[in-house]
Amino acid sequence: MDSILSIRGVGKTYSSGHRALESVDLDIARGEIFALLGPNGAGKTTLISIICGIVTPSTGTILVDGHDARHDPREARMRIGLVPQETSVDMFETVWSTVRFSRGLFGKKMDKAYCEQLLKDLTLWDKRDAQIRELSGGMKRRVLIAKALSHEPDILFLDEPTAGVDVSLRRDMWKLVSGLRSRGTTIILTTHYIEEAEEMADRVGVIDKGRLLLVDEKSALMKQLGKREMTLTLQEPLSALPAELAEWNVDLQDEGHRIRYTFDAQAEHTGIPSLLRKLGDLGIGFKDLETEKSSLEDIFVDLVENDR
């Protein structure tokens with residue numbers, strides 16, 4: 001893997017004794033979209049803040065494109081753009097001046113052509129002379145992205161990029177992120193929206209209580225950990241499950257009209273043939289059968305609940 005970001009043993013313990021982040025090891029490949037998934041308070045923002053130099057780690061090392069974030073912070077930070085959860089701009093400044101000022105903060109000479117194209121890509125060009133306070137919530141979020149990209153970083157961090165926005169704007173943001181990746185930007189996003197990770201990410205990391213529980217390619221994660229469900233629509237409803245079905249992971253749904261069986265699709269024996277035979281032996285007929293894969297949400301819930 002051509003890693004643009006390498007994290008080793010990074011942890012954070014505050015003076016109060018609260019351990020916000022356990023020892024984290026993580027490599028991010030150049031040009032990938034990586035989703036850090038976890039519930040609120042899991043440690044996502046803490047990890048990003050450490051990488052971006054906002055919070056000092058208690059332990060560990062961070063290399064950003066080969067530059068040590070603690071010993072060479074300026075070079076490391078030059079390669080990073082951060083879009084925080086909260087709007088962090090002067091509401092009375094214009095869109096254009098905000099982007100121009102942010103670029104200057106990183107010592108970059110003004111490049112009108114680049115900044116113009118950036119605003120056009122973010123559908124902000126027509127709003128370039130508008131004050132931030134005049135913009136909608138979605139447009140303000142786009143300004144934050146323009147601000148983060150103003151100095152042409154190699155890595156873009158998006159901390160809960162679509163929190164509090166409507167579904168249509170969320171999908172617009174997904175398209176925007178895919179477009180940024182196509183131009184070579186490495187994107188790391190934190191989210192607690194499962195569909196966001198499922199839609200965009202190449203790899204997914206699951207974090208909870210400050211510990212990185214698992215990192216894998218999204219497709220591999222779902223293949224390895226994903227369960228399947230088989231639902232049988234019965235010819236006649238049952239008032240309760242027969243005791244003879246106790247050895248299978250089944251439950252009764254829809255007021256007794258359906259039996260749901262959850263099984264491991266990767267197992268050598270799924271138990272389906274024996275379950276169907278047992279139902280026949282018991283005289284329980286069914287008129288429909290369907291199976292479906294578990295979603296990333298199911299996997300996430302299982303991982304987090306097992307960790308508690």
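Buried means under 20% relative accessible area, exposed means over 50%, and partly exposed is in between (1.4 Å probe, protein chains only). The model is predicted: local features need pLDDT of at least 70, side-chain atom pairs count only at pLDDT 80 or more, and totals for chains, interfaces and linings use all residues. Residues are numbered from 1 along each chain as its sequence is written, and side-chain values use heavy atoms, with hydrogens and water left out.

S6 sits in strand β1; helices (H or I, at least four residues) and strands (E, at least two) are DSSP runs, numbered from the N terminus. At 17% relative accessibility, S6 is buried. Its contacts (heavy atoms within 4.5 Å) beyond four places in sequence are L26, D27, T61, I62 and L63. With D27, the side chain of S6 makes a polar contact of 2.9 Å. A polar contact is a pair of N or O atoms within 3.5 Å; within protein, one must be able to donate a hydrogen and the other to accept it, and residues adjacent in sequence count only if both atoms are side-chain atoms. G66 is 60 residues from S6 along the chain, with 8.4 Å between their C-alpha atoms.

Four strands form an open sheet in the order β2-β1-β4-β5, paired antiparallel. Two strands pair if DSSP finds at least two bridges between them. The edges are β2 (19-29) and β5 (67-68); each has a single partner strand, so one side of each lacks a neighbour in the sheet. Two bridges join β4 (residues 59-64) to β5. V64 has H67 of β5 as its bridge partner. Helix α1 (residues 44-51) packs on the sheet and touches β1 (3-13), β2 and β4. The direction of α1 makes about 115° with that of β1; axes are lines fitted to C-alpha atoms, for helices over the stretch in contact, and angles run from 0 to 180 degrees between N-to-C directions.

**View C. Salt bridge D2–R30.**
The structure holds 15 salt bridges, each a side-chain nitrogen of Lys or Arg within 4 Å of a carboxyl oxygen of Asp or Glu. D2 and R30 form one at 3.0 Å, N to O. D2 lies in the segment before β1 and R30 in the loop between β2 and β3 (33-37), so the pair ties together parts 28 residues apart in sequence. D2 is partly exposed at 48% relative accessibility. R30 is partly exposed too, at 38%. A network of salt bridges links D2, R30, D65, E75 and R79.

**View D. Salt bridge K44–E160.**
The side chains of K44 and E160 meet at 3.7 Å, N to O, in a salt bridge. K44 belongs to helix α1, E160 to the loop between β7 (155-159) and α6 (167-182), 116 residues apart. Both K44 and E160 are buried.

**View E. Nonpolar cores.**
A nonpolar core is a set of buried Ala, Val, Leu, Ile, Met, Phe, Trp, Tyr and Cys residues joined through side-chain atoms within 4.5 Å. The largest has 38 residues, and I145, L156 and L158 have the most contacts inside it. Helix α5 (residues 137-149) gives the largest share of this core, seven residues. Beyond four places in sequence, L158 touches V83, I145, V177, I187, I188, L189 and T190.
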